[in-house]
Amino acid sequence: MKVDAAIVGIGCSAFGRGLPDSQLRLASVAFKAALEDARLERKDVDGLSIHLGWPLGLDYDRVAEAFNLDIRYVNQSWLHGRFVTNALQHAALAVSAGLADVVACVTAISFTRERGFLGGPGDIEGNREEGGTHGEVPYYGLTAPAGGAAIAMQRYMHLYGVTSEQLAAVPMSIRQHAMKNPRAIMREPLTLEQHQKARLVVDPLRLFDCCLITDGAAVVLVTRVDRARDMKQKLVRIGPMQGSRAGREEFIFAPRGLGINQQSGRRGPVRARDLEVFTKGIDRDDIKGFYTYDAFSPLVLFALERFGYAGPGEAAEFVKDGRIAPGGALPVNTSGGLLSEAHVAGWNSICEMTRQLRGTAGASQIANARALQWGTAWGDSVILMRDA
């Protein structure tokens, strides 16, 4: 089936720490902003792709009731970063197949209200018998969400001689982007000295290698291209995409073969099947900016290698000297991402990509941005494109 879908509206709530609003109220603010952005009415929305289900959020029926929507298509995934791409892909496929006319992708996060869920005895997900999806292993006492990424990075450093000082280029560059963004929570410069003096969270990850714990919501409206052309905003076409990778050699927070349950070290070159997103009329050289789920600094390195921007073990060299910073050859997470703007499960970056392709990103604008890639360390991806 040919994907015939475009983003026509985006909306965000305020981002912050300790906000008094519930997830539902934050989501309603973002939803109203997205409707206004697209110049649509509530009755136009007949699909929901929800990225906020339990264990950390609301179910789709509560959202439909609260927003007074009459829905004929629903997709729901729980509030975990690995389902960002999935939720957007479901929306695109739904409108392409005629299952809905306009799908609202909705996420809302109240992490500071639910801090007890993130590691420790109150972590419902991490304390499952088989462990958590971040690599938590409760029977060994490893319940921190950062643990899986940290162990993968330890192995990566051992194999390739990468240092914490080199890793620091990731949060430092992304902070430079955030400094241009008035919505970002962290807008002070981040120096190498500050990074290295910060406390360890899980070795080798220091404080600034770990994402913010914040509150906020984002909504993205998706419809067919023909309808999008009649709307208020310049449409942003949803282009080539590929799904998540899984299997015995895969772990979401690691390069293939280097995960917490793998450690085989069998990496080898990037496989053609992991680059399917570039086989549908868009080449890697066409990409002017890269966006990824940067819950932890190593994930940026792993994602760049996953999609062939750097070879195995070479991403630390790739990101130095401002290459992913403002004005660099491949800007990464130009709004500040999860590391410096806010933790909105990655949807703040989808909204930023939309602004970039509309040409409305302000001080963060990438020159001649016609195609941007969202791609994660676990291998799923969507390319967003300016309409021809």
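In which helix does M353 lie? M353 lies in helix α12. Before I go on, this is a predicted model, in which local features need pLDDT of at least 70 and side-chain atom pairs count only at pLDDT 80 or more, while totals for chains, interfaces and linings use all residues. Residues are numbered from 1 along each chain as its sequence is written, and side-chain values use heavy atoms, with hydrogens and water left out.

A word on terms. Helices (H or I, at least four residues) and strands (E, at least two) are DSSP runs, numbered from the N terminus. Buried means under 20% relative accessible area, exposed means over 50%, and partly exposed is in between, with a 1.4 Å probe and protein chains only. Contact, or touching, means heavy atoms within 4.5 Å.

Back to M353. M353 counts as buried because its relative accessibility is 0%. Leaving aside neighbours within four places in sequence, M353 is in contact with Y291, L372, Q373, W374 and L384. M353 and A371 are 18 residues apart in sequence, and their C-alpha atoms are 9.2 Å apart in space.

Now the helix around it. Twelve of the twelve residues of α12 are buried, so α12 is largely enclosed by the rest of the structure. Among those buried residues are W347, N348, E352, R355 and R358. The twelve residues of α12, residues 347-358, should span 16 Å at 1.5 Å a residue, and the end C-alpha atoms are 17 Å apart, which agrees. The expected span here is 1.5 Å times one less than the number of residues. After α12 comes G359, with a positive phi near 80 degrees.

W347 takes us to the core. A nonpolar core is a set of buried Ala, Val, Leu, Ile, Met, Phe, Trp, Tyr and Cys residues joined through side-chain atoms within 4.5 Å. The largest one has 95 residues, and V222 and W347 have the most contacts inside it. Helix α3, residues 84-96, gives the largest share of this core, seven residues. Not counting residues up to four places away in sequence, W347 touches H51, V84, A87, L88, C105, T107, A218 and V220. Another core lies apart from the largest one; it has 30 residues, including A6, F31, A34 and A228.

Next, strand β4, residues 102-110, where I109 lies. I109 counts as buried because its relative accessibility is 1%. Not counting residues up to four places away in sequence, the residues I109 touches include Q23, L79, D215, H343 and A345.

Most residues other than glycine have a negative phi, and most peptide bonds are trans. A345 is not a glycine, yet has a positive phi of about 60 degrees. A345 is found in the loop between α11 (337-341) and α12, and is buried, with a relative accessible area of 2%. N368, also not a glycine, has a positive phi of about 55 degrees. N368 sits in the loop between α12 and β10 (371-375), and is exposed, with a relative accessible area of 63%. As for peptide bonds, the one from D203 to P204 is cis, with omega near 10 degrees. P204 is in the loop between β5 and β6.

Those two strands bring in α4. The buried residues of α4 pack against β5 (200-202) and β6 (205-206), and also against α5 (164-167), α9 (297-306) and α10 (315-318). Among the buried residues of α4 are G147, A150, M153 and Y156. α4 is followed by G161, whose phi is positive, near 70 degrees. Which residues line the largest cavity? The lining includes F302 and E305, along with R256, R267, D274 and P312. A cavity, on a 1 Å grid over the protein atoms alone, is a set of points where a 1.4 Å probe fits but cannot get out, and lining residues have an atom within 4 Å of a point. About 160 Å³ of space lies in the largest cavity, a volume being the space filled by probe spheres set on the points, which are joined across faces, edges and corners. The lining divides into five nonpolar, one polar and six charged residues. Here Ala, Val, Leu, Ile, Met, Phe, Trp, Tyr, Cys and Pro count as nonpolar, Asp, Glu, Lys and Arg as charged, and the others, Gly among them, as polar.

Methods. On a 1 Å grid over the protein atoms alone, a cavity is a set of points where a 1.4 Å probe fits but cannot get out, and a pocket is an open set with protein on both sides within 12 Å along at least five of seven lines; lining residues have an atom within 4 Å of a point.
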